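Hi everyone, thanks for coming. Have a look at the sequence and the structure, and then I'll walk you through them.

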There are 2 protein chains.
Amino acid sequence: MKISIIKIGGNVIDFPEKLDEFLALFAKFPGHKILIHGGGVLASRFGESMGVMPEMVDGRRITDKDTLDIVTMVYAGLINKNIVAKLQALKVNAIGMTGADGNLIRSIKRPVKGIDYGFVGDIQEINTELVDTLLSAGLQPVVNAITHDKKGQLLNTNADSIASALATSLAKDHHVNLYFCFNKAGVLIDEKNENSIIPLINEDIYAELRKENVIHSGMIPKLDNAFEALKKGVHHVWIGKAENLLLAAKGKKSGTIIERQRYDLY
Amino acid sequence: MKISIIKIGGNVIDFPEKLDEFLALFAKFPGHKILIHGGGVLASRFGESMGVMPEMVDGRRITDKDTLDIVTMVYAGLINKNIVAKLQALKVNAIGMTGADGNLIRSIKRPVKGIDYGFVGDIQEINTELVDTLLSAGLQPVVNAITHDKKGQLLNTNADSIASALATSLAKDHHVNLYFCFNKAGVLIDEKNENSIIPLINEDIYAELRKENVIHSGMIPKLDNAFEALKKGVHHVWIGKAENLLLAAKGKKSGTIIERQRYDLY
């Protein structure tokens with residue numbers, strides 16, 4: 001079957017109006033779809049109100065026991081269940097899930113190498129059979145960033161990595177497209193100009209853009225991950241603004257499409 | 001199919017060791033099973049740490065917007081996902097759910113009649129088709145006390161009512177038994193004597209016990225609810241201590257069995 005995996009982040013989740021707008025678009029998005037979300041600033045805000053301050057090492061958040069409890073409450077509870085209820089009202093048969101539910105995503109606690117990230121999970125295995133069962137029953141999974149180690153421990157996991165891992169695992173048997181909703185309109189030639197979107201990037205174009213230093217710093221790991229997903233069989237990866245998602249679904253110009261080899265998309 | 005619906009409350013959830021012991025028993029419980037849980041004192045504790053004090057009217061908790069957010073985080077997030085992760089480690093293919101997930105339980109906000117209970121939901125409809133799909137796929141639902149109105153609103157719902165509603169709805173097509181884990185060993189002749197368990201109550205015995213005032217006050221609504229479930233087709237209702245659940249499953253003497261008409265159980 002054809003499956004779309006759509007990831008949203010803090011720039012959608014943190015703004016109730018934007019989230020509602022996005023969910024209305026998501027409801028209209030055709031075919032089987034899986035929504036992946038993290039938590040944005042809500043987890044930090046709740047943590048602070050409970051006296052749990054975010055602990056950072058080298059600019060990275062450490063997930064201690066209290067922080068894990070908070071992200072579990074905020075991601076898997078507050079955000080996930082409100083998204084599910086809103087999608088149900090929009091006639092999407094959403095089912096909210098962590099990686100622990102039905103053993104959807106098994107991860108391992110990141111080994112300590114210099115920095116101890118605490119209860120952070122690196123993905124090991126996706127239960128694609130479960131996804132098949134749910135999609136075939138007309139359910140649309142809404143997956144948050146909490147996974148488990150199958151030994152009873154919940155783990156905090158990067159939502160981008162969950163989206164990529166789900167996409168590549170499902171790509172073995174299905175036609176999978178991956179959509180990253182981003183705070184910019186796509187991959188831009190000029191970061192300050194939202195009209196300078198590069199509509200299509202393939203391996204040749206990517207090599208060229210890197211050579212000319214048009215793509216640099218933070219975009220490099222994002223695009224490397226996208227090409228990694230394509231190599232593992234994902235059909236295409238889209239990066240763009242949440243509000244342009246439907247245009248993307250209809251194959252209309254919006255955001256950046258990343259593909260291994262160019263083909264006539266537009 | 002044969003389905004067991006097992007409800008646990010604060011006297012299990014609030015004590016990590018007791019919860020672990022219970023989950024080990026639940027894992028060994030034979031056949032298809034659905035676990036129902038509320039939240040115990042954890043929600044109040046988290047609320048207070050965030051400055052949200054429980055608001056009570058006539059001894060009943062009012063669910064305002066902040067309280068709803070907290071119970072959603074604690075029931076659907078913290079408690080539900082930790083139970084699921086622990087059951088997964090015990091090789092139970094648990095899937096955690098609110099009533100919003102897959103539209104499992106639709107409720108309506110309780111109408112204001114004198115007291116405004118706030119975001120409290122009274123159950124309207126159970127999605128038994130979804131339960132069939134999940135159980136047939138080898139999944140064991142773990143259901144918490146959050147439901148939704150199918151219009152985008154989450155609602156706080158009594159976990160005992162969820163257990164009864166699931167049991168009676170599923171009883172139309174299945175052989176359903178309902179187990180209430182309680183803070184006493186069963187229905188007792190002498191409240192202070194845990195050895196005075198009444199092993200079996202049917203309609204005749206119940207009438208007699210009420211006439212003699214052996215069963216009074218708080219036990220009456222519990223037993224009325226149990227007989228209501230039996231009238232709607234539930235096979236039997238068990239009331240007893242969580243640690244005796246496996247004995248109950250094996251048909252051994254433990255707790256109180258409630259049935260419409262006596263039959264030779266032991």
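**Where the two chains meet**

Together, chain A and chain B bury about 2,900 Å², with 69% of it on carbon and sulfur atoms; buried area here is the accessible area (1.4 Å probe) that two parts lose on being put together, summed over both. On the chain A side, A:Met73, A:Lys81 and A:Gln88 lose the most area to chain B, together 19% of what that side buries.

A word on the background. This is a predicted model, where local features need pLDDT of at least 70 and side-chain atom pairs count only at pLDDT 80 or more, while totals for chains, interfaces and linings use all residues. Residues are numbered from 1 along each chain as its sequence is written, chains are lettered from A and ligands numbered from 1 in the order in which they are written, and side-chain values use heavy atoms, leaving out hydrogens and water.

Back to the interface: 38 residues of chain A are in contact with 38 residues of chain B, contact meaning heavy atoms within 4.5 Å.

How many salt bridges cross the interface of chain A and chain B? The rule finds 2, a salt bridge being a side-chain nitrogen of Lys or Arg within 4 Å of a carboxyl oxygen of Asp or Glu. B:Lys81 forms a salt bridge with A:Asp101, and the closest N and O atoms are 2.9 Å apart.

**Inside chain A**

Now for two helices, α5(A) and α6(A), the latter covering residues 159-170. Helices are DSSP runs (H or I, at least four residues), numbered from the N terminus. The two pack at an angle of about 85 degrees, with axes 10 Å apart; axes are lines fitted to C-alpha atoms over the stretch in contact, and angles run from 0 to 180 degrees between N-to-C directions. That makes α5(A) roughly perpendicular to α6(A), the term for 65 to 115 degrees. At their meeting point, A:Thr128, A:Val131 and A:Asp132 in α5(A) touch A:Leu166, A:Ser169 and A:Leu170 in α6(A).

Finally, A:Lys222 and A:Asp160 meet in a salt bridge through their side chains (3.8 Å, N to O). A:Lys222 lies in helix α8 (residues 219-231) and A:Asp160 in helix α6, both of chain A, so the pair ties together parts that are 62 residues apart in sequence.

Conventions:
Parallel < 35°, antiparallel > 145°, perpendicular 65-115°, else oblique.
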